[in-house]
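Dear colleague,

Please find below the structure that I promised to hand over, together with its sequence. My notes on what was found in it follow directly after.

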Amino acid sequence: MDLANTSLRQLASALHERRISSRELTQAYLERIGRLDGQLGAFITVDPDKTLSQADAADARIARGEAGPLTGIPVAHKDIFCTEGWLTTCGSRMLSNFVSPYDAHVIEKFAAAGALILGKTNMDEFAMGSSNETSHFGPVKNPWNLAKVPGGSSGGSAAAVAARLAPAATATDTGGSIRQPAALCGVSGIKPTYGLVSRYGMIAYASSLDQGGVIAPSAEDLGLVLNTMVGFDTRDSTSIERPTEDYTAALGQPLKGLRIGLPREYFSGGVSPDVAQAIDAALEVYDRLGAERVEVSLPHSHLSVPVYYVLAPAEASSNLSRYDGVRYGHRAAQYGDLNDMYERTRAEGFGAEVKRRILTGTYVLSRGYYDAYYLQAQRVRRLIVNDFREAFARCDVIMGPSSPTVAFGFGEKTSDPVQMYLSDIFTISVNLAGLPGLSIPAGFGAAGLPVGLQLIGNYFSEGRLLQAAHGYQQATDWHRQVPDMARA
Amino acid sequence: MALTDTDLRRLARLARLRLEETEISGLREQFAGILGLIDQLQAVDTHGIEPLSHALDLEARLREDVVTEMDQRARFQSVAPQVEEGLYLVPKVIE
Amino acid sequence: MDWEVVIGLETHAQLATHSKIFSGASTAFGAAPNAQASAVDLALPGVLPVLNRAAVDCAIRFGLSTGATVASRSIFARKNYFYPDLPKGYQISQYEIPVVSGGTVTIEVEGQARTIRLTRAHLEEDAGKSLHEDFHGLSGIDLNRAGTPLLEIVSEPDLRSAAEAVAYARALHRLVTWIGICDGNMQEGSFRCDANVSVRPRGQEELGTRCEIKNLNSFRFLEKAIEYEIRRQIELIQAGGAVVQETRLYDPDRDETRSMRSKEDAQDYRYFPDPDLLPLSIEAAWIDRVRAELPELPDAMQQRFTDDFGLSMYDAGVLTASRDMARYFLDLLPCAGNDAKLCANWVSGELAAALHRESLEIQDSRVSPQQLGGLLKRVQDGTISGKMAKELFDVLWREGGEADALIEARGLKQISDVSSLERIVEALMAEHPAQVAEYRAGKEKVFGFFVGRAMKASGGRANPEQLNVVLKQRLKAE
Ligand SMILES: [Mg+2]
Ligand SMILES: [Zn+2]
């Protein structure tokens, strides 16, 4: 089976019709990982014995005729999801010895569906980064060009899918961490509406923004995985209870009359020309499919990065206080009194970017600064949300670039945190508003690197977004392009 | 606004992060950039705008008062740095 | 100089829920260390809090019982600080918008009633415990208590003496146990107070610098700690010093407060709304439901006991010291012919003494209201004397049983019928003609001689009042 060119649906039907066993399929992926991941660093943990025993269980289930759409499919999980019995590091030295004693809700859902854990993917430390350079386990390389970053923080998941080391991978998105690496690696990725995917067992970065999602080659694949991943969970107070939805149901419906909102602010500079050109071409495809263009405005969008870099570090500084070396995780080898143990443990356990964000968050919450930074950022957050409300009164989907540039080189932005922060300029406002966002491959820019088209929908419009993405993917074949290394 | 070395040390102390003296000047510089970014918010007129904590305007969902958790001490403490007689050990806590 | 003392109390009442405020772990006291610390209580990576409905119920009940405002929308906030018994590195509490605000508690000191205003009451989670016994110089952390629901009740600085502070704490204790939101067990830490104490020259408007004395878990310690702290502050100022705002601990062994150095470095808790928890919304219907389930409150019942039963405020106070006490009294009343005064005397007298002797709570009394009522009925109708009743009470206490059966079996029935008494008296008079003559000659003291002899002759069973009547009648005759 040509894993570089087989969709999830095709894999599922091959398993279902028993043209291939889950064990064979899994072995094939494990073989690819073994052969290619040395160059990429997309995985932190692979455990073939565990995975294959799950494959055998899936084969038994298929044989009993009890298979669902994902039964027997190996799925890679971002190392931010707690997986019982598996090392769960969140890309950090702090958790480099943490074998989770429990499963995240998402992991339970995949297990119930009969999917297997293919491995745990590399990521920016505690999901803080846009290039996957902050991982304690080393950077992930972009499969299209090993000298380029894969984006972040779900860089491992994006690179693994791009190189077809996994048919699909879970990921999380706090400020663009699914859409930006998906764009930079030329794959599809969706961040659902905040609250659709349970955060229970998904290690927190910024709780009011974090949302789990999927990276896969195509919109159709995303829908299939989302069907398993989305679901109400009583253990997450922010989880939303809604009737079950089939996210693939609207796929294939025509796009005629779809109102595409184009925010003035996304198309007025700040985007590199190669990306702008690819996005224009993508919009022309939509024109041909009968969609209508509507100009909209998101006047506060330029403030989304500063708002994010107040709110996310504030929440993170508190969320990461639990890593104190008392109950699990790293503890400094040498220390004096209790505070010395805390300070050394945390200084050793966290990398530079995580420390920077903890300090930033501590600062904006501290006495005398809270009102000026934290509350003010929450007020501007409301302005940003209001912008989207108004825009969605006039359109069905907002489109624009996922990232202002194609993949950049290692070390290019590490010395200046603000330059790095600005790579999420188009994705962050979606998290601030809690909206669903999706990125799909839309051609290539400079040096043959992929460009991502971002689709933003109104709340709970995942089905509509996937329909719009699928329509485009029926008319184009960018999503079928794979990097040379994946063809090997 | 800019952070002084004293500010940075105070923040590091609050966050229980040991800072090496050699790290401070680099941090001060990076913070100048970060503050430059977030200080943009100061210019925004937000008069009469309510702060927003969650994008979706939802209310707390409550649990029923039922004991659902069983003793899993052995499992949880298998990943602990230092335990004895079921207790997590830390350097002496002084009150 | 004349000093005025200003005290406010912050009281932590552990709420009587089965499970923790944000997790499904048990709150039962006394489990093996960390056996009741769930993934959420341990703050494992990725876990999240979900609020316990019963804890909110308790807060509403308290708010309604103190005439406070129950917020239709309140917010949980994180209080950030590092401590090994605080697994998340923050405590989930309420800060800007608490669930309960305002309200009052009435206290009585030296016969003087005063109304103490409450600032607020908010929900929060308890921390674990650090055990300092020797683990090679280390501390052991037990997180069983972590996440136990607390209601922190904050008073205005309305208290003016240690005695008032204790009266307030007692009134609050009576209330929270009465309405069933707290078991009130102070040894187990279910009810503990922090006292903010300051002094100022009488007449001065601005408040003096205050010190907070933490974790006072008995009324006696509360009183002693405040008294010590008042003395310390006055002496300090009089010696030309100044009070430093700080947190202090009371050491009962040395009867003094001392500074908690570890908490000295400037705290900055960086409160902010907990993004894991959405706003708590309490609809009017919920409040109405709780109101309908609320029992008659102790103050109201105490007043009713004085109005309806003619009891003194003191007696009524004793009978409403706890809800179980009041329940006992109210159960006893109909069994004892509704003689409130008699019942009150027995409950606060014999029964209280017996309970005290064996350190029992009234709900564990060996004599039930029905048993005691049966006994008191026989006192009322003159079947037995008060003295006999006390003896019989001891029998009931020790051996159980029923008053009537005991009276019957032991032949303790009082002789009250006139003809029987007349027979005894006449026989005595025939036996002692000299004494009869003395009495009739005006020597009234001799009356006592006949009472004694008649009692003896009846085996102590003669009804004393009836005997008096008969004796007087017969001795006077002729
Ligand atoms: Mg307090
Ligand atoms: Zn408190």
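Between chain B and chain A there are 3 salt bridges, a salt bridge being a side-chain nitrogen of Lys or Arg within 4 Å of a carboxyl oxygen of Asp or Glu. In one of them A:Glu343 is paired with B:Arg13, and the closest N and O atoms are 3.2 Å apart. Please keep in mind that this is a predicted model, in which local features need pLDDT of at least 70 and side-chain atom pairs count only at pLDDT 80 or more, while totals for chains, interfaces and linings use all residues. Residues are numbered from 1 along each chain as its sequence is written, chains are lettered from A and ligands numbered from 1 in the order in which they are written, and side-chain values use heavy atoms, with hydrogens and water left out.

As for the extent of this interface, 49 residues of chain B are in contact with 72 residues of chain A, where contact means heavy atoms within 4.5 Å. The two chains bury about 5300 Å² between them, 66% of it on carbon and sulfur atoms; buried area is the accessible area (1.4 Å probe) that two parts lose on being put together, summed over both.

The metal sites are in chain C. The magnesium ion (ligand 1) has C:Glu10 (OE) and C:Glu152 (OE) as its protein donors, at 2.4 to 2.6 Å, donors being N, O and S atoms within 2.8 Å of the metal (3.2 Å for Na, K and Ca), and since water is not among the atoms, sites may look incomplete. C:Glu10 belongs to strand E1 (residues 3-14) of chain C and C:Glu152 to strand E11 (residues 149-155) of chain C, so the pair ties together parts that are 142 residues apart in sequence; strands (E, at least two residues) and helices (H or I, at least four) are DSSP runs, numbered from the N terminus. Both C:Glu10 and C:Glu152 are buried, which means under 20% relative accessible area, whereas exposed means over 50% and partly exposed lies in between (1.4 Å probe, protein chains only).

The zinc ion (ligand 2) is coordinated by C:His12 (NE2), C:Glu124 (OE) and C:Glu152 (OE), at 1.9 to 2.1 Å. The zinc ion (ligand 2) lies 4.0 Å from the magnesium ion (ligand 1), and C:Glu152 coordinates both. C:His12 counts as buried at 11% relative accessibility, and C:Glu124 is buried too, with a relative accessible area of 3%.

With kind regards
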